[in-house]
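Please read them with the model open beside you.

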Amino acid sequence: MNPISGRSSRTLQPRFLPAALLLTAFTPLLCGFGPERAATVGTASLGRADANVATGTNIEALASNPAGVKRGKGQAFELGFMRNPLVGSNNFYLASADSSSPAGIAAGTSLGYAAGDLAGGGTFTTTEWRTGIAVGAQSDVAGLMIGASARRMALTLSPKGGKDIECAGWTGDVGMALDLAGGVMLGVTLRNVLDIEGIDTTRRIAGGLGYGGKKFVIEAAGSWQLNGDMPVYRAGLMIPLGDVAALRAGFVHDEFIGVLKARQTATLGGSV
């Protein structure tokens, strides 16, 4: 029985399994998709619940849809720390992106470390390094961007009363974004295109539809395993407050069936 499929998750009823067995079953899923959220995703993205597959720009786009790195204007840098008391996690990260190349190529890189609690007891730690590039073309009615990113992830799960489970290796994402007339934005990403050192890494498809204007940016997005199971739905809003600040809000509903703490979250934040 495949522990990664939605069918097995219903028949196995994982909430009744011993923590160590459950962790072993879902290690490929956690290695492929990352625990909770990628360690390299920053606070600006968190403020709108990481709903930026279609509308992400610069550093925000690096983890969600690398094609959006091309939307940036000039250079960007972000350094931060996040504490999520709902899941007992701490996250340090730094990231930069540059779209000022005269060759028309945009690029970004990020490094993150996260540690937190597992739902059945125990802890996890993960370190992630990600780098990506994007190119684009513009016509009178639309702009098309294509991007790819590679990432190195090392994950350790330490269940209460069990042995540590570790996995590490390289994988990556590919994405496309389309900006249409009137501010309509579309995006699609294939995540985890490579297995991690022989692990059958779960691949996910993410899509988003959004609107980006001077007064606000809004998006509805979702991601699924390629067989349609374990969906995650997101909605996010960003309202600029002048040239240097913004108000962000979002909501995420996560049906990821794993070992981390669950799963409907509302976000509200600001940035300068």
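**Notes on the predicted model**

1. Start with the surface. I105, I133, V135, L144, I146, M176 and V188 make a nonpolar surface patch of about 550 Å². Two elements give two or more residues to the patch: β4 (122-138) and β5 (142-159). Keep in mind that this is a predicted model.

2. Look at M176 within that patch. M176 sits in strand β6, which spans residues 165-180. Is M176 buried, partly exposed or exposed? Its relative accessibility is 40%, so M176 counts as partly exposed.

3. Next, confidence. The average pLDDT of the protein is 79, and 77% of the residues score at least 70. Which elements mark the lowest and highest mean pLDDT? Helix α1 (residues 6-12) has the lowest, at 32, and strand β7 (residues 184-191) has the highest, at 95. Over residues 1-17 the pLDDT is below 50. That stretch still has 25 contacts in the model beyond near neighbours in sequence. Where pLDDT is low, the predicted coordinates should not be read in detail.

4. Now the pairing of β4 with β5. These strands are antiparallel and share 17 bridges. They form a hairpin, with 3 residues between them.

5. A150 stands opposite G172 in β6. The two strands form a hairpin with 5 residues between them. In that turn, G161 has a positive phi of about 80 degrees.

6. L178 deserves a separate look. L178 lies in strand β6. Its relative accessible area is 25%, so L178 is partly exposed. What does L178 touch, leaving aside neighbours within four places in sequence? The contacts are A142, G143, L144, V184, M185 and L186. Of these, L144 is also part of the nonpolar patch. The C-alpha atoms of L178 and Q138 are separated by 9.8 Å, although the two residues are 40 residues apart along the chain.

7. Move on to β9 and β10. Strand β9 (residues 217-225) and strand β10 (residues 232-241) run antiparallel and are joined by 7 bridges. I218 has L237 in β10 as its bridge partner. The hairpin has 6 residues between the strands, and G228 there takes a positive phi near 95 degrees.

8. β10 pairs again, with strand β11 (residues 245-254). The two run antiparallel, with 10 bridges between them. Across this pairing, G236 stands opposite G250 in β11. How many residues lie between the strands of this hairpin? There are 3, and G242 takes a positive phi near 80 degrees.

9. Two residues other than glycine also have positive phi. A49 is one, at about 60 degrees. N58 is another, with phi near 55 degrees. A49 lies in the loop between α3 (43-47) and α4 (59-64). N58 belongs to the loop between α3 and α4 as well.

10. Are A49 and N58 buried or exposed? The cut-off for buried is under 20% relative accessible area. A49 has 3% relative accessibility, so A49 counts as buried. N58 has 12%, so N58 counts as buried.

Technical notes
Residues numbered from 1 in each chain as written. Predicted model: local features only at pLDDT ≥ 70, side-chain atom pairs only at ≥ 80, totals over all residues. Heavy atoms only, no water. Patch = residues over 30% accessible without salt bridge, like charges linked within 9 Å, V, L, I, M, F, W, Y side chains within 5 Å. Areas by Shrake-Rupley, 256 points an atom, 1.4 Å probe, with all protein chains shown as cover. Salt bridge = Lys/Arg side-chain N within 4 Å of Asp/Glu carboxyl O. Helix = DSSP H or I, 4+ residues; strand = E, 2+ residues; numbered from the N terminus. Buried < 20%, exposed > 50% of the residue type's maximum accessible area, 1.4 Å probe, protein only. Pairing = 2+ DSSP bridges. pLDDT = per-residue confidence, 0-100. Contact = heavy atoms within 4.5 Å.
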